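Please bring up the model and keep the sequence beside it.

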Amino acid sequence: MGGPGGRWIGGQGQPPRRVCGAWARRHWTGRGPRAARGGESGPAPPGPRAAGPRGGPRLPARRRSSACLLGAPQWWSPGAGGQEAPRMCGWRLLLLWGLLPGAAAGGSGRTYPHRTLLDSDGKYWLGWGQRGSRLAFRLEVRTAGYVGLGFSPTGTMAAADIVVGGVAHGQPYLQDYFTSANKELKKDPQQDYHLEYAMENSTHTIIEFSRELHTCDTNDKSITDSTVRVIWAYHHEDVEGAGPKYHDSNRGTKSLRLLNPEKTSVLSTASPYFDLVNQDVPIPNKGTTYWCQMFKIPVFQEKHHIIKVEPVIQRGHESLVHHILLYQCSSSFNDSVLDYGHECYHPNMPDAFLTCETVIFAWAIGGEGFSYPPHVGLSLGTPLDPHYVLLEVHYDNPTHKKGLIDNSGLRLFHTTDIREYDAGVIEAGLWVSLFHTIPPGMPEFRSEGHCTLECLEEALEAEKPSGIHVFAVLLHAHLAGRGIRLRHFRKGDEMKLLAYDDDFDFNFQEFQYLKEERTILPGDNLITECRYNTKDRVGMTWGGLSTRNEMCLSYLLYYPRINLTRCASIPDIMEQLQFIGVKEIYRPVTTWPFIIKSPKQYKNLSFMDAMNKFKWTKKEGLAFNKLVLSLPVNVRCSKTDNAEWSIQGMTALPPDIERPYKAEPLVCGTSSSSSLNKNVFLKLFLCFMSLSSTLGAKSL
């Protein structure tokens, strides 16, 4: 396993023999004409037209590719005199040969529900899909040399898990590698990737392979629901004895969630839509810009459901548009704010923008279009629905290019075929404020935002005592964020995580579809738990809107919609100040941030200045973290249009967790060859014995 995937029949220096055509499709696979076809999805790479796997590069007339059946045995025949026993045993052997590890038929016949372009030149396509405890991949790359794919903790070559494959001289190959912390490439002693299909023509190489999600090989990365930093590379030459040659600039990285559930598309091509896009926005020549624009939702005479949302990115600006958020705004606005586009979070930004706080959609670079489940839609056209929305586009311009004009935004598909439930969104976690404090120099710091049982109980008992059903979650933090978990509690028991991302990447954020819908009942607790790293910072990190500030939020997409838009908390600030020795502040509070009165070392400083003045060490930071996690919290429990439930502003304690959830241990996948080999070789042995006895009887 992991070595040459399939064996060509032919002597030294002779062209390989192949079993092709309709006979091969019927008899080699045993599944009829469709069995030998490739299972790829999406458009095929370009190439000359000739016979080849459906969806893959077409084979040029002058150069046939290695696209037929690998390893077809030559010794099978129906048997003399029509004797059925050797014929049937040979047939079994033929099928069993195709099951041997490394022997691939002319296409896996598999489908790959997910597909993405990894490079900006359209040369490297990745398809993938889960099959039980294994994850299958398809690489389509414009090269006649090797192709490489890997998983890295940082998006670099350091400490990465890498697989390299190709077709050299008609011989397919696949090798499992890993790299050390100093990026040294080494062949993995335990080969955990299984080659299923390989082909090459004059323009492209296609490799299909699979691996266990958890191999328990210390050189491999376990694949979970967290974000995976995929690295890729290719070369125009194949791997020789010394290993892969350096790929030069033919490389890159992209963050993906490889275990996203497959989405069932029910969108008609004729579905109407409307666009919310910026109009000729001048992108400043600076690294980061947030641009906000108000829009009025089209007026509908009857209720509609939004069923899908897609990004609309101006051609050539794919790397500039980092993420797009859509907020529901107060219905009390008038049209005078609509023509006012402005750089977000600016001191001169009108107050109207600040009352748009409920996220109803989020898209980030690398994310796909979002489809609501078949039984759920986002309602438009009723008095309770959004009338005004705020479109927030985050632009990245690291090279400070001048004169850039953008017209990107979102496209919303809608229908009058009303679905069973209206979707809602709840913002849970830490209310965004300066009370969220993270010391500098910390390799790890944990913050928690509470959606308290008091808030959920009041809102759900009044609106939906039987509970609401969550179907997708967006986990959100900023640049210091390293991991986010949405924890779920019921009557002292911690339940399975609602959602998590232990390898959070600020540059890749999208709604996660839950594999199974989760019910939230009155009296449940939710905790959004965030991990941060501030080792490279010399001052405090504060909760706030800038990317250098921090957030700790979960956005829950659920049904049926209730009158709850925010279920969050703020930790007590006075005990945080007491930790650094503050004794008294000036009262009444007339300034923000408020001013400290004593002790002398902090006199007349704001609490922000005082926290920055404190000499933070790792030990002090750990003690501060322990304190913050135990503090009482101020409850934020909001209705639509900024109305509030009665629990708003009250103080609550973190939940008493009697029985923490114990995750099931990871189950290592067995070697893809071990159990299969035992069964295969046993059957081969029995067939050979049967064949031998039959032939022996015939010779007598």
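Glu 448 has a relative accessibility of 15%, so this residue counts as buried; the word means under 20% relative accessible area, with exposed being over 50% and partly exposed in between (1.4 Å probe, protein chains only). You will find Glu 448 in strand S27, residues 445-451. Strands (E, at least two residues) and helices (H or I, at least four) are DSSP runs, numbered from the N terminus. The side chain of Glu 448 makes a polar contact with the side chain of Arg 446, at 2.8 Å. A polar contact here is a pair of N or O atoms within 3.5 Å; within protein, one must be able to donate a hydrogen and the other to accept it, and residues adjacent in sequence count only if both atoms are side-chain atoms. Leaving aside residues up to four places away in sequence, Glu 448 touches Leu 430, Arg 487, Ile 527, Thr 528, Glu 529 and Leu 629, where contact means heavy atoms within 4.5 Å.

A word on what you are looking at: this is a predicted model, in which local features need pLDDT of at least 70 and side-chain atom pairs count only at pLDDT 80 or more, while totals for chains, interfaces and linings use all residues. Residues are numbered from 1 along each chain as its sequence is written, and side-chain values use heavy atoms, with hydrogens and water left out.

Now turn to strand S1 (residues 114-117) and strand S2 (residues 124-131), which pair in the antiparallel sense over 4 bridges; two strands pair if DSSP finds at least two bridges between them. Across this pairing, Arg 115 stands opposite Gly 127 in S2. The hairpin of S1 and S2 has 6 residues between the strands, and Gly 122 there takes a positive phi near 75°. S2 also pairs with strand S3 (residues 134-141), in the antiparallel sense over 8 bridges. Here Leu 126 has Leu 139 in S3 as its bridge partner. The hairpin of S2 and S3 has 2 residues between the strands, and Gly 132 in the turn has a positive phi of about 65°.

Next, the rings. The structure holds 27 aromatic pairs. Trp 232 and Tyr 234 have ring centres 6.3 Å apart and planes at 10°, so they are stacked. Rings of Phe, Tyr and Trp (its six-membered ring) pair if their centres lie within 6.5 Å; planes under 30 degrees apart count as stacked, over 60 as edge-to-face and the rest as tilted. Trp 232 is buried at 9% relative accessible area, and Tyr 234 is buried at 7%. Phe 579 and Trp 616 are also a stacked pair, with 6.0 Å centre to centre and 10° between the planes. Phe 579 lies in helix H5 (residues 574-579) and Trp 616 in the loop between helix H6 (607-613) and helix H7 (618-630), so this pair ties together parts that are 37 residues apart in sequence. Phe 579 is partly exposed at 23%, whereas Trp 616 is buried at 15%.

Which residues do ring pairs link into a cluster? They are Phe 361, Phe 370, Tyr 372, Tyr 421, Phe 471, Phe 511, Tyr 513 and Tyr 559.
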